[in-house]
Amino acid sequence: MVIRLDVTLDLSDLTAIGQIVDLRGTMTLGSVKTPVQGNLHAKSDQLDLIPLSDELIAGVEPSG
């Protein structure tokens with residue numbers, strides 16, 4: 001079963017720390033909006049994004 005869902009990421013605060021960019025903002029998953037924080041590793045293009053709300057869609061866990 002494939003579920004398609006619109007996802008929007010709005011970044012409100014970006015801070016460069018060496019080769020890492022600290023990200024803050026909100027992510028909307030379908031109709032559910034949650035604050036997020038994360039890191040973008042500029043050298044490897046790896047993005048770690050953590051939803052901070054307990055009210056998320058199925059399959060997405062807060063703080064992980």
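**View 1. Asp22 and the residues it touches.** Leaving out residues up to four places away in sequence, Asp22 touches Asp13, Leu14, Thr15, Ile17, Gly38 and Asn39; contact here is heavy atoms within 4.5 Å. This is a predicted model, so local features need pLDDT of at least 70 and side-chain atom pairs count only at pLDDT 80 or more, while totals for chains, interfaces and linings use all residues. Residues are numbered from 1 along each chain as its sequence is written, and side-chain values use heavy atoms, with hydrogens and water left out. Asp22 sits in strand E2; strands (E, at least two residues) are DSSP runs, numbered from the N terminus. Is Asp22 buried or exposed? Asp22 is buried, at a relative accessible area of 14%, where buried means under 20%, exposed over 50% and partly exposed in between (1.4 Å probe, protein chains only).

**View 2. The Asp22 and Arg24 pair.** Search the whole structure and you get one salt bridge, meaning a side-chain nitrogen of Lys or Arg within 4 Å of a carboxyl oxygen of Asp or Glu. Which residue does Arg24 pair up with in it? The partner is Asp22, and the closest N and O atoms are 3.2 Å apart.

View 3. Four strands make an open sheet in the order E1-E2-E3-E4, with antiparallel pairing; two strands pair if DSSP finds at least two bridges between them. The edges are strand E1 (7–17) and strand E4 (46–51), each of which pairs on one side only. On average, neighbouring strands of this sheet are turned by 25° against each other, direction ignored. For that angle, axes are lines fitted to C-alpha atoms, and angles run from 0 to 180 degrees between N-to-C directions.

**View 4. Where E1 meets E2.** How many bridges link E1 and strand E2 (residues 20–29)? There are ten, in the antiparallel sense.

View 5. Strand E3 (residues 32–41) and E4 pair in the antiparallel sense over six bridges. Asn39 stands opposite Asp48 in E4, and Asn39 is also one of the residues that Asp22 touches. Four residues lie between E3 and E4 in this hairpin, and in the turn Asp45 has a positive phi of about 65°.
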